[in-house]
Amino acid sequence: MHSRLTGEVPRQASVFVVEQRGLYMRVAVGLVLCMLLASIPVSSAQSDSSEEEAWPGDPVDSHVHMTWAALTLEVNEWADDYPEIVDLTSIGQSELGRTLWVVRLSNWSMDTKFDGSAKEIVYIDGGHHGNEYLGTALAWLSAKWYINGWAEGNQEAIDVLDSTELHITIMLNPDGNDIDTRWNINQVDLNRNYDHYWNTCPTTQPGSSAFSESETAANGVYMNTVVPDADLYVTMHTGVWIMLYPWGKWPEQPSDWELYHKIREDVQDNISSIPIQNANQGLYPNCGTSRDYGYGVMGYPTFTFETDDEQFVPGSFENLNDRLGEEMDVMRFLINDVWYWRARLSVQSLSMSQDSITLTVDNGARASTANATLQYFDADGMLLWNSSFFGVNASSSNTTSLDATNLSMVDGGTFALNYQVRVVDSARWVNEPVEGIEVQIDGEEETSFLIGYGLFNPVTLMACFVAVAAVANERKELEDEA
Ligand SMILES: [Zn+2]
């Protein structure tokens, strides 16, 4: 019924020039460098209406319209002016051959965060529907806000770009955009053309097959090959003023309802009264959307951001920052706190007896995980032992007793946690070494070891694990002799 793409999409393969950026080594060290508060004061970029910030579009009919040509000039200027943070490339081409620009923003002088851990990944797109200009404008503003902030020394923008990669495809449907229509040039509704329960519900013009259109196929390939590890995907439209989370296909709440409800609570308590609902109930049943694909196939936390349909009136041009300020506040919150939009497990204690392990695990972030295991590897990285599954709810702790009758300690052995970062079946798996904890063996003080004062020192860690293994062996020898 649906599948991940493999990168073999003939039409735009030749222009698919993005490269795999970095190896997202998910060595979660559990630090809080990126735990930024959403309440950082608004930068001057928001109220300044200098020419430099003007939206590169013109009022046309009842819309403010930016052509693909204007966008092309704009994003190339960004790349020329701020090469240290703007990496401009393309996800592919439209049916008529227009380049689908993706603006990639981060502090590119660093491949990782300052602590060496992988940067967070955020994916944003706008303009699926060519006549929904405010959705395209919000994607544009999401890039522009951080570029201006960086240029002006805004600390929030700097912190985000130091710790996060923002990948923003501003205008996914340039052919439809330039002729002011919802559809692409083949009269297809791009937001019904994704390979997630494609054409299985009342819909119009979903295309001849899933990913039949070059715009959606390019977007799918980009998700699968460049940003598969994203912990936030927002797709921007115009309609009623609402934020929608999965599913569009079903009225039921998604597996990660806890995460979505928590985000709704935080947004509505602190930032905006914008309604936040699952798409099927909040709008109408829909399928084959990028939102459901992003969640159901890619495993991202996904939102459709719908700005309201009161478009600009000719002659009363507003600064986009003023017009979309509240939407941008919500986006800044989602981006600032992207670290939280998954499960993040850390072992608090690990105590071993002959036949079992008692394990206490904290989840420091806002998504639950349902199928974690504790694993034991030898010094060469070969998996020697796997515990039974256990779950850890969002923002909670879980103590569990694991059968360890088949576990034999070895010199240089190490533990790791293996789990999915969210509950949905498609959520990505991570494997994170267990570091910085006190391992107790049979609760005897003399055989306790503090593993952790050398948190970032592999030599210290290795020595500690060797010591644990040596004691375990020694105990076994004593038992054998007895
Ligand atoms: Zn739309």
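Predicted model: local features only at pLDDT ≥ 70, side-chain atom pairs only at ≥ 80, totals over all residues.
Leu 96, Ile 179 and Ile 185 together make up a nonpolar surface patch with about 270 Å² of accessible area.

**Surface patch**
- Ile 179, one of the patch residues, sits in the loop between α5 (174–178) and α6 (214–225).
- The relative accessibility of Ile 179 is 52%, and Ile 179 therefore counts as exposed, the cut-off being over 50%.

**Zinc site**
- The zinc ion is coordinated at 2.0 to 2.5 Å by His 129 (ND1), Glu 132 (OE), Glu 132 (OE) and His 237 (ND1), with the donors spaced along the chain as H-x2-E-x104-H.
- His 129, in the loop between β5 (120–126) and α3 (133–152), and His 237, in strand β7 (residues 233–239), are 108 residues apart, and the pair links distant parts of the chain.
- The arrangement is irregular because the four donor atoms subtend angles of 56 to 153° around the zinc ion.
- Both His 129 and His 237 are buried.

**Strand β13 and its partners**
- Strand β13 (residues 369–377) has eight of its nine residues buried, so it is largely enclosed by the rest of the structure.
- With strand β17 (residues 414–420), β13 runs antiparallel and is joined by five bridges, and Gln 375 stands opposite Ala 416 of β17.
- Strand β14 (residues 383–386) pairs with β13 in the antiparallel sense over three bridges, with Leu 383 of β14 as the bridge partner of Phe 377.
- Five residues lie between the strands in the hairpin of β13 and β14, where Gly 381 adopts a positive phi near 85°.
- Strand β15 (residues 390–392) is also paired with β13 in the antiparallel sense, over two bridges, and Phe 390 in β15 is the bridge partner of Ala 372.

Terms used:
Residues numbered from 1 in each chain as written. Heavy atoms only, no water. Donors = N, O, S within 2.8 Å, 3.2 Å for Na, K, Ca; no water. Tetrahedral: all angles 85-135°; square planar, octahedral: opposite > 155°, others 65-115°. Helix = DSSP H or I, 4+ residues; strand = E, 2+ residues; numbered from the N terminus. Buried < 20%, exposed > 50% of the residue type's maximum accessible area, 1.4 Å probe, protein only. Patch = residues over 30% accessible without salt bridge, like charges linked within 9 Å, V, L, I, M, F, W, Y side chains within 5 Å. Areas by Shrake-Rupley, 256 points an atom, 1.4 Å probe, with all protein chains shown as cover. Salt bridge = Lys/Arg side-chain N within 4 Å of Asp/Glu carboxyl O. Pairing = 2+ DSSP bridges.
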